[in-house]
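Dear colleague,

Please find below the structure that I am handing over to you. The findings follow directly after it.

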Amino acid sequence: MTKTICIILTVLLFMACSKETAEPDPVPAENMYFPPLTGTNWETKSISDLKWNQNAVQPLLDYLQLKNSKSFIILVNGRIVLENYFNNHTASTNWYWASAGKTLTSTVTGIAQQENLLNINDKVSKYLGTGWTSETLAKENLITCKHLLTMTSGLDDSTDDVESANLIYKADAGTRWAYHNVYVKLQDVVKKASGQSWEAYFNSKLRDKIGMNGAWVQIDANSVYTSTTRSMARFGLLMLNKGKWENNIILNEAYFNEATSTSQNINLGYGYLWWINGKASYHLPQSQLTFQGSVIPTAPNDMFMALGKNDQKIYVIPSKKMVVIRMGEAADNANLALSDFDKTLWEKINALYQ
C-alpha cells in the first residue's frame with residue numbers, strides 16, 4: 001500500500017513539473033518606442049507579429065485610395081504597423097493639417113501655462129489688451145483663454161474672420177458652444193506672454209523636441225500647419241504618451257488630461273480643441289443641434305481626435321496603444337472636420353484586429 005502511494009505521489013509530482021515547464025513565462029508588455037529625433041529610422045511591427053488579420057489590409061488600403069487619401073499610418077506602441085502613400089504623395093512631402101492643427105495650438109498653450117507665462121483662466125484682454133473684439137468692455141472681459149480653447153467664447157460664428165470688427169457678441173462667454181476660428185488668438189496670447197514669435201516658441205518648445213518638421217502658413221484668417229505624415233504621427237505619439245517623449249515631459253499630464261476630456265457641459269465631445277469620442281452626445285461645427293451618441297460610433301470609446309477639413313485625421317486610442325494618421329483630399333464632397341468617412345474607415349480598421 002505504501003509503495004502504491006509513493007508511485008502515485010511520484011507520478012503527480014512529475015505531472016506538476018511537466019506542466020510547470022510546458023507553460024512559458026508571460027510575455028512582458030512591449031515597451032513604448034520613440035523614433036530618433038533626426039533621420040528616417042523608425043522601428044516597425046508586422047501585421048503577423050500582432051496576430052492581426054492580413055486579409056483585412058488590402059480592403060483598407062483600397063478604400064483609402066478610393067477616398068482620395070495621400071497617406072496613412074498606424075502606430076502601435078510607437079512602432080509603424082502600416083505606412084502607405086497614394087497618388088504620388090511621398091514620405092517627404094508636406095501636407096496641410098487644416099483644423100487638426102488646432103491641437104498644436106492647444107498643446108503649446110498648455111506648455112506656456114506650465115512655464116508660468118500665462119494662465120488659461122485669465123481673460124484674453126490681459127494679454128491682448130482691450131478692444132480685441134467689438135463687444136462692450138464688460139462682455140469682452142468675460143472671455144478667457146479657456147473659452148477660446150473650448151469654443152465657448154460666445155462670439156458670432158457666422159464669419160471666421162478674426163479682425164476685431166468681425167468679432168461680434170452673440171452670447172455671454174461660456175454659455176454657447178460654436179466652432180469659430182477665434183481660437184487662433186491663443187497664438188497671439190502665447191506670443192505676448194513669451195516675448196517670442198509664435199513660430200519660434202512653437203518650434204523650440206514642441207516641434208524640435210519631438211523631431212517634427214513643418215511650418216505655419218497664413219491663409220486668410222487661418223494659421224495652418226504643414227508637415228510630413230510622419231511628423232503628424234510624432235505628435236500623435238506624444239499625445240498617446242500623455243505629453244511625454246521618452247522620459248522628457250513636453251506637456252504636463254494634468255493639462256493633457258484636461259485637454260483630452262470633456263471641457264464644458266454643452267458639447268460633451270469636445271476638449272481643448274480636441275474631439276472626444278465615446279460621450280453621450282456631441283455638437284458639430286456650424287450647428288447648434290445636439291446629436292446623441294458617440295462622435296464616431298464605430299471607433300473605440302476612449303479615442304480622442306484631431307480632425308481637419310478635407311479629412312485630415314489624428315486618432316489616438318490609449319486602450320490599444322495606437323495612433324492612426326490620415327492625410328489627403330476630401331474623402332467625398334468638400335467637408336469640414338467630421339464626415340461619414342470616419343465611420344467607414346473605422347469599420348475597415350476594426351477588421352484588422354477583430
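**Findings**

Directly after helix H7, Gly195 adopts a positive phi of about 75°. Please bear in mind throughout that the model is a predicted one.

I begin with H7 itself, which spans residues 185-194. Its buried residues are Lys185, Leu186, Gln187, Val189, Val190 and Ser194. Among the elements that cover these buried residues are H3, H4, helix H6 (145-150), H8, S4 and S5.

Helix H8 (residues 198-207) has a buried set of its own, made up of Trp198, Tyr201, Phe202, Asn203, Leu206 and Arg207. These residues pack against H3, H7, strand S4 (215-219), strand S5 (222-227) and H9.

The axis of helix H3 (residues 102-114) comes within 10 Å of the axis of H8, and the two cross at roughly 80°. H3 is therefore roughly perpendicular to H8. On the H3 side, the residues that meet H8 are Leu104, Thr105, Thr107, Val108, Ile111 and Ala112. Their counterparts in H8 are Trp198, Tyr201, Phe202, Lys205 and Leu206. By class, the residues of this contact between H3 and H8 comprise 8 nonpolar, 2 polar and 1 charged.

I turn next to the nonpolar interior. In soluble globular proteins, nonpolar side chains tend to be buried together. Here the largest nonpolar core has 101 residues, and Phe235 and Trp346 have the most contacts inside it. Helix H9 (residues 229-240) contributes the most to this core, with 7 residues. With neighbours within four places in sequence left aside, Phe235 is in contact with Trp97, Thr103, Leu104, Thr107, Leu206, Ile210, Met212, Trp274 and Ile314. Of these contacts of Phe235, Leu104 also takes part in the meeting of H3 with H8, as does Leu206.

- Asp122 is located in the loop between H3 and helix H4 (125-128). Its relative accessibility is 18%, so Asp122 counts as buried, the cut-off being under 20%. The side chain of Asp122 makes a polar contact of 3.1 Å with that of Lys126. Beyond its neighbours within four places in sequence, Asp122 is in contact with Tyr127, Thr144 and Cys145.
- Asp157 occupies the loop between H6 and H7. Asp157 counts as buried because its relative accessibility is 17%. A polar contact of 3.1 Å links the side chains of Asp157 and Arg176. Leaving aside neighbours within four places in sequence, Asp157 is in contact with Arg176, Ala178, Tyr179 and His180. Asp157 and Tyr179 are 22 residues apart along the chain, and their C-alpha atoms are separated by 6.9 Å.

Finally, where do the asparagines Asn77 and Asn88 lie, and is each of them buried or exposed? Asn77 is in the loop between strand S1 (69-76) and strand S2 (79-85). Although it is not a glycine, Asn77 has a positive phi of about 55°. At 8% relative accessibility, Asn77 is classed as buried. Asn88 belongs to the loop between S2 and strand S3 (95-96). Asn88, likewise not a glycine, has a positive phi of about 70°. With a relative accessibility of 80%, however, Asn88 counts as exposed.

Yours sincerely

Methods. Residues are numbered from 1 along each chain as its sequence is written. Side-chain values use heavy atoms; hydrogens and water are left out. A nonpolar core is a set of buried Ala, Val, Leu, Ile, Met, Phe, Trp, Tyr and Cys residues joined through side-chain atoms within 4.5 Å. Buried means under 20% relative accessible area, exposed over 50%, partly exposed in between (1.4 Å probe, protein chains only). Helices (H or I, at least four residues) and strands (E, at least two) are DSSP runs, numbered from the N terminus. Contact means heavy atoms within 4.5 Å. Axes are lines fitted to C-alpha atoms, for helices over the stretch in contact, and angles run from 0 to 180 degrees between N-to-C directions. Angles under 35 degrees count as roughly parallel, over 145 as roughly antiparallel, 65 to 115 as roughly perpendicular and the rest as oblique. Ala, Val, Leu, Ile, Met, Phe, Trp, Tyr, Cys and Pro count as nonpolar, Asp, Glu, Lys and Arg as charged, and the others, Gly among them, as polar. A polar contact is a pair of N or O atoms within 3.5 Å; within protein, one must be able to donate a hydrogen and the other to accept it, and residues adjacent in sequence count only if both atoms are side-chain atoms.
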